[in-house]
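Keep the sequence and the 3D view open as you read.

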Amino acid sequence: TIDDFFSTYSTVFPHLPKKFSNNNKTGYTKDWKDVSEAYRKQKSFICECCSLDLNSHKKLLHTHHMDGNKHNNKEQNLQALCIDCHRKQPLHEQMFIKQSDMQTITLLRKEQGLLDELTWSTVLDMSDSSLHGLLMFYQKKGKQLPEVGYRVELGSEVVLLELAWPSAMEGVVMTYRDKDKLRQRNWNIKTLGEAFEEMNL
């Protein structure tokens, strides 16, 4: 469905259609804002799923109702989750993440060492959901495990590769703008769309 499409690939788009740009914030108790703030503070603004420390980006940490009941604010029913881990929970198909927020999550995971020792399973857990089909394709084809969130410094600017094989100077980026910059540095770069096209060849 169109909802499923934008849920999975919301980070590919710099801007979403208005219908999909706002997460559903209805149905919560009147004191939810205070409850959520207190719970996240109690957990030191650290994601209970991937262990990402979001003290510097507190808005990227949500409080999740594990049973799906937004009125059940008992502590044992709550879980502090980064926006990426939150959207991957069951019944959260309508949660959309901006490209810039997901890239922030990826960079923070990289900086905090959460992407240092990866397997194919953890790459899928820690990567943007829009990359999952491509990653499973690469795994099936026997391609080397990629680095997630690889940074390339271009003077004063940093370009983020969603997936990278640095020794081969290969990678996947979201935008043609980033692709052009990296190709000038002799990287073999594909956009996500181009990588998807190659899956069908």
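A polar contact is a pair of N or O atoms within 3.5 Å; within protein, one must be able to donate a hydrogen and the other to accept it, and residues adjacent in sequence count only if both atoms are side-chain atoms. This is a predicted model, in which local features need pLDDT of at least 70 and side-chain atom pairs count only at pLDDT 80 or more, while totals for chains, interfaces and linings use all residues. Residues are numbered from 1 along each chain as its sequence is written, and side-chain values use heavy atoms, with hydrogens and water left out.

**A threonine in a loop**

Start with Thr29, in the loop between α2 (18–21) and α3 (32–42); helices (H or I, at least four residues) and strands (E, at least two) are DSSP runs, numbered from the N terminus. The side chain of Thr29 makes a polar contact of 2.7 Å with that of Asp31 and another, of 2.8 Å, with the side chain of Asn73. Setting aside neighbours within four places in sequence, Thr29 is in contact (heavy atoms within 4.5 Å) with Lys70, His71 and Asn73. Thr29 is buried, at 18% relative accessible area, where buried means under 20%, exposed over 50% and partly exposed in between (1.4 Å probe, protein chains only).

**Ala80 and the cysteines**

Ala80 lies in strand β2 (residues 78–82) and is buried at 0% relative accessibility. Beyond neighbours within four places in sequence, its contacts include Tyr39, Leu61 and Cys49. His62 is 18 residues from Ala80 along the chain, with 5.8 Å between their C-alpha atoms.

How many disulfides does the structure hold? There are zero, a disulfide being a pair of cysteine sulfur atoms within 2.5 Å. For Cys49, the nearest cysteine sulfur is that of Cys85, 3.8 Å away. The sulfur of Cys50 is 3.8 Å from the closest cysteine sulfur, in Cys47, which is too far for a bond. Cys49 is partly exposed at 48%, whereas Cys50 is buried at 7%.

**The four-stranded sheet**

Next comes an open sheet of four strands, ordered β3-β4-β5-β6 with mixed pairing; two strands pair if DSSP finds at least two bridges between them. At the edges stand β3 (147–154) and β6 (188–191), each with a single partner strand, so one side of each has no neighbour in the sheet. Strands β4 (residues 157–165) and β5 (residues 170–173) pair in the antiparallel sense over three bridges, and Ala164 has Gly171 in β5 as its bridge partner. Helix α7 (residues 132–140) packs on the sheet, touching β4 and β5, at about 45° to the direction of β4. Axes are lines fitted to C-alpha atoms, for helices over the stretch in contact, and angles run from 0 to 180 degrees between N-to-C directions. Helix α9 (residues 192–199) lies across β5 and β6, running at about 90° to β6.

**Aromatic pairs**

The whole structure has four aromatic pairs. Rings of Phe, Tyr and Trp (its six-membered ring) pair if their centres lie within 6.5 Å; planes under 30 degrees apart count as stacked, over 60 as edge-to-face and the rest as tilted. Two of the pairs are set out here.

| Pair | Centre distance | Plane angle | Type |
|---|---|---|---|
| Tyr28 and Trp32 | 5.3 Å | 15° | stacked |
| Tyr138 and Trp165 | 5.4 Å | 85° | edge-to-face |

Tyr138 in helix α7 and Trp165 in strand β4 are 27 residues apart, so this pair links distant parts of the chain.
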